[in-house]
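The following paragraphs lead the reader through a protein structure. Please keep the sequence and the model in view while reading.

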Amino acid sequence: MKVAPPTRGFAGLLIALALAALTLLAAGAPRASAAPAPTAPAVTSVSAIAEALRESPVYVDPEASDQLSPSDANALQKRIEDADKPVFVAVLPAGYPTENLFTDLRTATGVTGLYAVRLGDRFDARADSSVLSKTAVRNLVTSVRGESDARVQLDDFTDRAMARMGGSAPASWTSSSGGGGVSTSALIAAGAVLVAGGAGAYTVVRHNRRRHDEEQRAALDRLRVVVDEDITAFGEELDRLDFHPAAPDADDAMRADYEVALDAYEKAKAAMAAATMPEDVRGVTEALEDGRFSLARLAARRSGGPLPERRPPCFFDPRHGPSVADASWTPPGGSPREVPVCAADRTRLADGRDPVIREVDTDHGRRPYWEAGPAYGPWAGGYFGGGILPGLLVGTLLGGMMATPSYAADYGSGYGDFGGYEGGDVSGADFDTGDFGGFGGGGDFGGGGGGGDFGGGF
């Protein structure tokens, strides 16, 4: 269930609940069945499938009714609705055309979510990254591809997906209805029950909000220790700097770099003093990264060497300053990746030695920052902007956390793996096909192949 935004008062919550009851009961009828009526003509157009999915999470084409019985389809529909997750399941005949099916279906339905299609004896899925990451979709599809029974496969897939995905069911599911009437007494009784229950709902919302705020404050307090260390280290660099703006050998360019570094130091201190949540820390580390790059430019001007190119700081510890190259590094239990390194760590890696890694306090002792809590995401994001952070952190604890929609809700987005609408929101055709992924990452089926490559090649 979506939590009401902080600006909504108790009265607003009660009104919303009452209106929801009136809308549902005035429409009056039992929910539409997941499977079409036996007498309905076979419908195979994407538009018709999308229309059905906007009203119910499960669609079974008449020509594929032998794959999933009406009772099984209704049971699957109920589980999805009870979980309040934006999962859309379509069961289609084996001969259904697959080219651009996912993209066209997502466009026609217009709702952010996870889309799963059983086509004959083949299966595949796609999801908006705000709901479920591409890696998670790929792993979930792989985990059920060996199951030949449609009911078992779809049940297993949806159960596993709903346990880790974000977002809520679209509002259109709860507003759809058939015909029929409702008595005035039933309408009044239902409205009274919902209004009376509003007090309890408000209490739960307030409790959850208070607990969330407490967790955010605790995360910021732990993070503040690390950020203060960074600010102090940069201040000490400035104190050690043997540069005087009024010296005869100082020119305007040198003085400008020096002023930028000083301003960055003051900006970082002010931003940290004003921080109220972990995501505010990103501005602090962005300022420190700007300041250290300015000091690198100043050093180059003073030595007469070429000006350094703008590069991210050293991955192992941003206090090492701007990186000078990319080097291959494999975290324990992870896969190799190229990371930006300072000159000293590049030499260490080339010699087969360990780099000097920034460690922070955790509940399990001192650990590298990428194996610490989720609050370190904004801290790292300020240093490693431009969308490179997810690639650096793939396979690490922090990287795994940042790939979840719940992370974006708690610690902010903008690190290269999060997108606009939340699960269940109506986006229409306004979505990035590259952000709507699974095996192929786009509208076609299968493992990155084109055309009709459904469920293979991975």
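**A buried arginine and its surroundings**

Arg358 has a relative accessible area of 1% and is therefore buried, since buried means under 20%. This value, like those that follow, comes from a predicted model. The side chain of Arg358 meets that of Glu229 in a salt bridge, with an N to O distance of 3.1 Å. Arg358 lies in the loop between helix H11 (343–350) and strand S7 (359–362), whereas Glu229 belongs to helix H8 (residues 184–240), so the pair ties together parts that are 129 residues apart in sequence. Glu229 counts as partly exposed, at 34% relative accessibility. Both residues also belong to a network of salt bridges that links Glu229, Asp230, Asp317, Arg319 and Arg358.

The chain as a whole may now be considered. The protein chain contains 15 helices and 9 strands. Of its 458 residues, 42% count as buried. Among the contacts with a separation of 6 or more, 67% are between residues 24 or more positions apart.

At the N-terminal end, Asp149 caps H6, a side-chain oxygen of Asp149 lying 3.1 Å from the backbone nitrogen of Arg151. The buried residues of H6 include Leu154, Phe157, Ala161 and Met162. Helices H3 (70–83) and H5 (134–144) are among the elements that cover the buried residues of H6, as are strands S2 (87–92), S3 (114–119) and S4 (122–128).

Two of these covering strands form a hairpin. S3 and S4 have 2 residues between them, and Gly120 in the turn has a positive phi of about 65°. The strands run antiparallel and are joined by 6 bridges. Ala116 stands opposite Ala125 in S4. In S4, 6 of the 7 residues are buried.

H6 is also linked to H3 by charge. Asp159 forms a salt bridge with Arg79, their closest N and O atoms being 3.3 Å apart. Asp159 lies in helix H6 and Arg79 in helix H3, so this pair ties together parts that are 80 residues apart in sequence. Asp159 is partly exposed at 36% relative accessibility, and Arg79 is partly exposed with a relative accessible area of 29%.

A further salt bridge joins Arg311 and Asp326, whose closest N and O atoms are 2.6 Å apart. Arg311 lies in the loop between helix H10 (281–303) and strand S5 (325–329), and Asp326 in strand S5. Arg311 is buried, with a relative accessible area of 14%, while Asp326 is partly exposed at 47%.

Technical notes: Residues numbered from 1 in each chain as written. Predicted model: local features only at pLDDT ≥ 70, side-chain atom pairs only at ≥ 80, totals over all residues. Heavy atoms only, no water. Helix = DSSP H or I, 4+ residues; strand = E, 2+ residues; numbered from the N terminus. Buried < 20%, exposed > 50% of the residue type's maximum accessible area, 1.4 Å probe, protein only. Contact = heavy atoms within 4.5 Å. Polar contact = N/O pair within 3.5 Å; in protein donor to acceptor, adjacent residues only side chain to side chain. Pairing = 2+ DSSP bridges. Salt bridge = Lys/Arg side-chain N within 4 Å of Asp/Glu carboxyl O.
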